[in-house]
Amino acid sequence: MNTIGSSATDGLNKMRILPPPPKSGRAILFTFLLATAIYFVMIFGTLAQLESLAEAKPFDMRPAGYSFESATKFLSALGTDGRRLYLWRQIPLDMVYPALFAVCSAGAITWFSQSFRPAIARWTNVVAPIAYLAALADYIENILIVGMLNSWPELSTTVVSSASLATMVKSGLTTVVIMTAILSMLTYLINRFHQR
């Protein structure tokens with residue numbers, strides 16, 4: 001299968017900009033389980049603790065972004081212990097998760113689409129590299145959040161607005177990738193069912 005999306009991904013992999021996606025279903029499943037485990041640790045662990053401390057959603061969980069005033073209020077409400085929790089427990093977890101998510105989702109979309117008709121496969125393989133852009137936006141978001149935490153109580157409006165933009169981009173791209181992965185899996189299962 002020779003598609004625009006797969007060619008783009010192969011080119012980036014050859015330049016070592018992107019890690020190679022898993023090539024087997026088992027490897028994809030393992031990466032998915034590892035990414036999911038870290039995700040649940042964040043959602044029900046560190047992010048839940050931060051939300052409880054500040055009585056507001058952490059930056060990572062605001063797909064519509066946040067204002068300078070909102071960021072200031074949130075960081076103030078966290079207190080010293082909350083900001084330390086964000087910096088030393090949540091951020092390290094969120095530095096591992098994006099790469100796992102990108103490799104897993106891009107690999108899954110590519111793997112599921114191998115048996116698709118060319119028109120559908122072309123679309124799914126164009127979306128697959130977007131997983132890496134979502135991860136990049138996530139890393140940029142993390143770096144800017146670290147900047148806000150380290151500079152507190154002095155905040156830069158530029159840093160806050162940039163972090164907010166990164167959060168929105170990450171959320172939008174992640175939604176596209178997840179929806180494509182789900183649709184790819186469903187299409188794959190339907191095709192397998194009809195082949196029986």
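1. Basis. The model is predicted, so that local features are taken at pLDDT of at least 70 and side-chain atom pairs at pLDDT 80 or more, while totals for chains, interfaces and linings use all residues. Residues are numbered from 1 along each chain as its sequence is written, and side-chain values use heavy atoms, with hydrogens and water left out.

2. Overall make-up. The protein has 6 helices and 0 strands, where helices (H or I, at least four residues) and strands (E, at least two) are DSSP runs numbered from the N terminus; along the sequence the pattern reads α-α-α-α-α-α. Of the 196 residues, 42% are buried, a term that means under 20% relative accessible area, with exposed set at over 50% and partly exposed in between (1.4 Å probe, protein chains only). Contacts are heavy atoms within 4.5 Å, and among those between residues at least 6 apart in sequence, 78% join residues at least 24 apart.

3. Helix α2. This helix covers residues 25–54, and its 30 residues reach 41 Å from the first C-alpha to the last, close to the 44 Å expected, the expected span being 1.5 Å times one less than the number of residues. A kink of about 40° is centred on Met42, the bend at a residue being the angle between axes fitted to the seven residues ending there and the seven starting there. Met42 is also one of the buried residues of α2, which include Ile28, Ala35, Ile38 and Leu50, and the buried residues of α2 pack against α3 (68–112). Just after α2, Glu55 takes a positive phi of about 55°.

4. Largest pocket. The space in the largest pocket is about 980 Å³, a volume being the space filled by probe spheres set on grid points joined across faces, edges and corners. A pocket is an open set of points on a 1 Å grid over the protein atoms alone, where a 1.4 Å probe fits, with protein on both sides within 12 Å along at least five of seven lines, and lining residues have an atom within 4 Å of a point. There are 35 lining residues, and Tyr39, Tyr97, Phe101, Thr174 and Ile178 lie nearest the centre. Helices α2, α3, α5 (130–151) and α6 (157–195) each supply at least two residues of the lining, which divides into 24 nonpolar, 7 polar and 4 charged.

5. Trp88. This residue lies in helix α3 and counts as exposed because its relative accessibility is 64%. Trp88 and Val146 are 58 residues apart in sequence, yet 9.7 Å apart in space, C-alpha to C-alpha.

Key:
Ala, Val, Leu, Ile, Met, Phe, Trp, Tyr, Cys and Pro count as nonpolar, Asp, Glu, Lys and Arg as charged, and the others, Gly among them, as polar.
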